[in-house]
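Please consider the sequence and model shown below. The account that follows is meant to be read alongside them.

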Amino acid sequence: MPRLVVAAPSSGSGKTTVATGLMAAFAERGLAVSPHKAGPDYIDPGYHALATGRPGRNLDAFMCGPELVAPLFAHGAAGCDLAVVEGVMGLYDGAAGRGELASTAQVAKLLRAPVVLVVDASSQSRSVAALVHGFASFDPQVRLGGVILNKVGSDRHEVMLREALEEAGMPVLGVLRRAPQVATPSRHLGLVPVAERHADALAAVAALADQVRAGCDLDALMALARTAPPLACEAWSPQGALAASGPQPVAGERGPGWRPGGGAAPHDRPVVAVAGGAAFTFSYAEHAELLTAAGAEVVTFDPLRDEALPEGTAGLVIGGGFPEVYAPELSANAPLRAAVAEFAAAGGPVAAECAGLLYLARSLDGRPMCGVLDTDARMSERLTLGYREAVAVSDSVLAAAGTRLRGHEFHRTVTDPGAGESPAWGFTHPERRVEGFVRQGVHASYLHTHWAAEPSVARRFTQAAASAAAAREVPAAGR
C-alpha cells in the first residue's frame with residue numbers, strides 16, 4: 001500500500017490544508033485514496049471524507065494501543081491505491097508525559113511510512129534548513145522524505161528557501177503561496193464540521209485540490225509513497241475483533257439489559273438509532289461497523305429535524321458534536337425530546353458521549369433539553385482537553401464495573417453536577433475524579449472512547465438492545 005504521513009513542526013503549519021488537498025488531487029486522478037488522521041480529532045476526517053469519498057478514519061495509539069494502529073490502517077486502506085495520513089500537532093508531540101506515545105512520529109514508525117513535513121515558511125528563509133535538519137535527525141527511525149513549503153510570500157522567497165534546503169539535502173516536494181480564499185472557518189473546538197457547511201466545504205476542498213495540484217509535485221509524492229515497505233500485519237475487522245474479545249451472546253442469555261420476558265436470539269437485529277446531522281458529527285466509523293457485526297441494525301436520525309426516533313428503536317447512541325451551537329433548534333424539537341425521555345424512562349439502552357450528555361441534561365445554556373439526567377449544562381470559558389485513563393465505576397450497558405479504557409475529553413462546557421449517584425467513569429490519570437452518569441439503561445459521559453480498543457462494548461450494548469426489544473415486544477429488523 002503506497003502511503004504518506006503529512007506532518008508539521010507545530011499546529012497551524014498547514015497540515016490539514018496539504019493533506020486534504022493531496023487527497024482530493026490524487027482522487028481527481030482516478031486513484032482510490034484512503035484518508036486517515038492521527039489522534040482523536042473528529043473534524044478533519046470529515047474534510048478527508050469529502051475529498052476522497054471514503055470514511056475518514058482515526059489512528060490513535062493512546063486510545064487503541066500501538067498494536068492496533070497498523071491493523072486499523074490496513075482495514076481502512078483495503079482496496080485503495082494510496083493512503084494519506086494527516087498527523088496531529090507537531091511531528092514529535094504526543095500524549096503529555098508519555099514520550100512518543102500517540103505522536104505522529106510513532107504512527108509513522110508503526111506504519112513504516114515516509115513523512116512529508118509541511119513547514120510554515122512565512123517568517124524565515126535560510127533558517128528553514130536548520131529547522132528541517134533538526135526534525136530529520138531527531139529520531140533516525142522516522143524517515144523524512146521531503147518538505148512542502150507553505151505560506152511562501154514571493155518568487156524571491158521561494159528561491160531562498162529552496163537554496164537552503166538544497167544545501168541540507170532535503171527534497172522540496174511542493175511550494176504553496178498564501179491563499180486565504182481557501183481557509184476554512186474555525187470556532188471554539190477547531191474547524192467548523194463539514195455537515196454544517198457542506199456546499200462551502202465542497203468548494204473549499206476543490207480549491208485545496210487546485211492549490212496542491214499547482215504547487216506540489218504529485219508524481220514525486222506518489223513515488224515517495226511507493227517506497228513504503230509491506231506491513232507485516234493482518235487487517236483489523238469488526239467480526240474478528242468481536243470474536244477475539246470473548247464469547248458471543250446466545251439465545252436466552254441473561255446479559256446486560258435483560259429483563260423478564262425475553263433475551264437476545266442470535267438472529268435478532270435490534271435497531272440501534274445513532275444521532276447524526278449538523279449537531280452530532282463526532283463519530284468513529286468503527287463504532288457502527290462493530291455494532292453491525294454484533295448484530296445491530298444501525299439507523300441514523302437527525303435530532304434537529306426528526307420528530308420521532310426511528311421505527312423499532314431498541315438502542316440509542318448519541319455521540320459528540322456541537323449541541324451548544326444548535327441549542328435553540330434542539331430545544332424547539334419538543335416531540336423528539338419527549339420521545340428520547342420516554343425511551344430512557346422505559347429502561348432503553350442509551351450511550352451518550354459529550355454532546356449526547358448535554359442533550360440528555362435538563363437544560364443547556366438555559367434551554368430545555370431531554371431531561372433524562374438530573375444535571376444542567378452551560379458553556380464555559382475553560383477548554384477541557386486531553387487524554388484520560390478511566391475505569392468504569394458502575395455496571396452499565398457499555399461496560400461492567402472495573403472495566404478499564406482510555407479515552408479523550410474535548411469540550412468547552414460544564415455540567416452541574418458533573419457526576420450522578422452512580423458515576424460512569426473514575427479517571428485515574430492524569431487526575432483522579434469521577435465523572436458522568438449511569439441510570440437505568442443510560443450511560444452518559446464527557447469521555448470519548450474508541451470501541452476498537454474494547455469491542456465487547458459494542459457487543460454488550462447490542463445485546464442490551466436485543467434484550468430490551470424482546471422484553472418490550474419491539475419487532476427486530478428482519479423478523
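The paragraphs below take up the sheet, the nonpolar cores and the aromatic contacts in turn.

The model is a predicted one. Val-5 stands opposite Val-115 in E5.

The next subject is the packing of nonpolar residues. In soluble globular proteins, nonpolar side chains tend to be buried together. Here the largest nonpolar core comprises 113 residues, and the members that touch the most others are Leu-91, Leu-111, Leu-117, Val-132, Leu-149 and Leu-221. Helix H1 (residues 15-28) gives the most to this core, contributing seven residues. Another core, of 36 residues, lies apart from the largest one; Ala-273, Leu-304, Ala-352 and Ala-444 are among its members.

Aromatic contacts form the last subject. A pair of aromatic rings is described by the distance of the centres and the angle of the planes. The structure holds seven aromatic pairs. In one of them, the ring centres of Tyr-42 and Tyr-284 are 4.5 Å apart and the planes meet at 25°, so the pair is stacked. Tyr-42 belongs to the loop between strand E2 (33-38) and helix H2 (44-52), while Tyr-284 belongs to the loop between strand E10 (271-275) and helix H10 (285-293); the pair therefore ties together parts that are 242 residues apart in sequence. Tyr-42 and Tyr-284 are both buried. Ring pairs also link these two tyrosines with Phe-282 and Phe-322 into a cluster.

Tyr-92 and Phe-135 form an aromatic pair that is likewise stacked, at 5.9 Å centre to centre and with 25° between the planes. Because Tyr-92 lies in the loop between strand E4 (82-86) and helix H4 (104-111) and Phe-135 in helix H5 (residues 127-137), this pair ties together parts that are 43 residues apart in sequence. Tyr-92 has 19% relative accessibility and so counts as buried; Phe-135, at 16%, also counts as buried. A contact of another kind involves Arg-406, which lies over the face of Phe-62 at 4.4 Å from the ring centre.

Terms used
Residues numbered from 1 in each chain as written. Predicted model: local features only at pLDDT ≥ 70, side-chain atom pairs only at ≥ 80, totals over all residues. Heavy atoms only, no water. Core = buried A, V, L, I, M, F, W, Y, C linked by side-chain atoms within 4.5 Å. Buried < 20%, exposed > 50% of the residue type's maximum accessible area, 1.4 Å probe, protein only. Helix = DSSP H or I, 4+ residues; strand = E, 2+ residues; numbered from the N terminus. Pairing = 2+ DSSP bridges. Phe/Tyr/Trp six-rings, centres within 6.5 Å; stacked < 30°, edge-to-face > 60°. Lys NZ or Arg CZ within 6 Å of the ring centre and 35° of its normal.
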